[in-house]
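Subject: The model, and what turned up in it

Hi there,

Here is the structure I promised to pass on.

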Amino acid sequence: MIIADTSALVLNWTSKDTWKTDNARNYFDALDLSAAAVLYERFDKEMHLIQFQMLSNRKFFVRKAAVEFLEQCNAERANGQVIILAAGIDPLSIELASLFSNSTIYDVDKYSLTEKEKYLNQACPNIKFVQCDITNIELLAMALVEKGWNSQQPSILIMEGITYYLTENELRQVLAFFSKHLSNLVCDFGLQPESVDPAKRLTGIEIVHKIKESVKLDFMNCYEPGYFTDLVQQCGFEKPVRYSMAAIQAERTGEISPFEGEEPAWVSLVKN
Ligand SMILES: C[S@@+](CC[C@H](N)C(=O)[O-])C[C@H]1O[C@@H](n2cnc3c(N)ncnc32)[C@H](O)[C@@H]1O
């Protein structure tokens, strides 16, 4: 497997209810997720349950943060911009572009964007596709500006499902660059096993192990929660707030199960 296939893997574990627009739902239904089939089959029933709930929560949370940001921009008569780093084949850009036709959504990834653009066939002209390695900041900045990004206008940065695959230094450089131009950020990160409730820890370790092994990665970076929020702050985002998986689960489904306990999930969300 190649790392781009992790984008398909995530969507195997995403509730279709995440998407409210016909454009995003139709695109989601038409996606070929078979690139992740071999890896998907390596997880057992309990892991599927946890991953499905967790990733549906992640997508729910990120979508909500972006929608609230764009609604606020509309209220202030500004055309908000959304930069989605490592967007992969995710429908989020299609959802946001369909809901906010006066906003521009930048889908950035090293792979997969040509197919996505081809499938959409100009259905969402306010999505700009930026094929780029996000660790090359100079190139990334140039490519965004070339596609029309205006750093003087309000923007939100989305980094979903990517902090794991960057070295800490690369992550710091990306955050430090964008914090000079925008203050709205939503991202997720993986928790170091020691930080997770002992009753739930092993499942998280096994999930990370399977992904790492299948995608042939040397590392997947996970952090101690306080360290991660401090890191985001050190990179220039003033007030990063971490949201617990239980609270998001309760908001999305009305109950906290299966995220009971002190620190029940190996993934957390952060918003600034
Ligand atoms: C787990 S997927 C996440 C996709 C999507 N953001 C989501 O959460 O559903 C990871 C994505 O990161 C992309 N990626 C990994 N390293 C990258 C890099 N250095 N530059 C750009 N994209 C990268 C992969 O191609 C893949 O699409």
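What follows covers the helix packing, the ligand shell and a handful of individual residues.

First, the ground rules. This is a predicted model, in which local features need pLDDT of at least 70, side-chain atom pairs count only at pLDDT 80 or more, and totals for chains, interfaces and linings use all residues. Residues are numbered from 1 along each chain as its sequence is written.

**Helix packing**

Two packed helices are described by the angle between their axes and the distance between the axes. Axes here are lines fitted to C-alpha atoms, for helices over the stretch in contact, and angles run from 0 to 180 degrees between N-to-C directions. Helices (H or I, at least four residues) and strands (E, at least two) are DSSP runs, numbered from the N terminus. Angles under 35 degrees count as roughly parallel, over 145 as roughly antiparallel, 65 to 115 as roughly perpendicular and the rest as oblique.

Let me start with helix 4 (residues 45–75) and helix 5 (residues 92–99), whose axes come within 11 Å and cross at roughly 25°. On the helix 4 side, the contact is made by Val62, Arg63, Ala66, Val67 and Leu70, and on the helix 5 side by Leu92, Glu95, Leu96 and Leu99 (residues are in contact if their C-beta atoms, placed from the backbone, lie within 7 Å). By class, these residues are seven nonpolar, no polar and two charged. For the classes, Ala, Val, Leu, Ile, Met, Phe, Trp, Tyr, Cys and Pro count as nonpolar, Asp, Glu, Lys and Arg as charged, and the others, Gly among them, as polar.

Helix 5 also packs with helix 2 (residues 22–30): the axes come within 8 Å and cross at roughly 160°. This pair is therefore roughly antiparallel, and the crossing is again right-handed. Asn23, Ala24 and Tyr27 of helix 2 meet Ile94, Glu95 and Ser98 of helix 5, a set of three nonpolar, two polar and one charged.

**Around the ligand**

Which residues come nearest to the ligand? Of the 20 residues around it, they are Thr6, Ala86, Gly88, Lys110 and Gly161 (a residue is near a molecule or strand if its C-beta atom, placed from the backbone, lies within 6 Å of it). Helix 1 (residues 5–12) gives the most to this shell, with three residues. The shell divides into nine nonpolar, six polar and five charged residues.

**Single residues to look at**

Serine 103 sits in the loop between helix 5 and strand 2 (104–109). With 23 other C-beta atoms within 10 Å, serine 103 is buried (20 or more such atoms, placed from the backbone, count as buried, 12 or fewer as exposed, and anything in between as partly exposed). Leaving out residues up to four places away in sequence, serine 103 touches Leu70, Cys73, Asn79, Gly80, Gln81, Val82, Leu96 and Asn126. Serine 103 and glycine 80 are 23 residues apart in sequence, yet 5.3 Å apart from C-alpha to C-alpha.

Now for the backbone. The peptide bond from serine 257 to proline 258 is cis, with omega near 10°, and proline 258 belongs to the loop between helix 11 and strand 8 (267–271).

Glutamine 122, in the loop between helix 6 (113–120) and strand 3 (127–131), has a positive phi near 65°. Glutamine 122 is exposed, with 7 other C-beta atoms within 10 Å. Lysine 216 has a positive phi too, near 55°. Lysine 216 lies in the loop between helix 9 (198–214) and strand 6 (222–223) and counts as exposed, with 9 C-beta neighbours inside 10 Å.

Conventions. Two residues are in contact if their C-beta atoms, placed from the backbone, lie within 7 Å. A crossing is left-handed if the near helix is turned anticlockwise from the far one by less than a right angle, and right-handed if clockwise.
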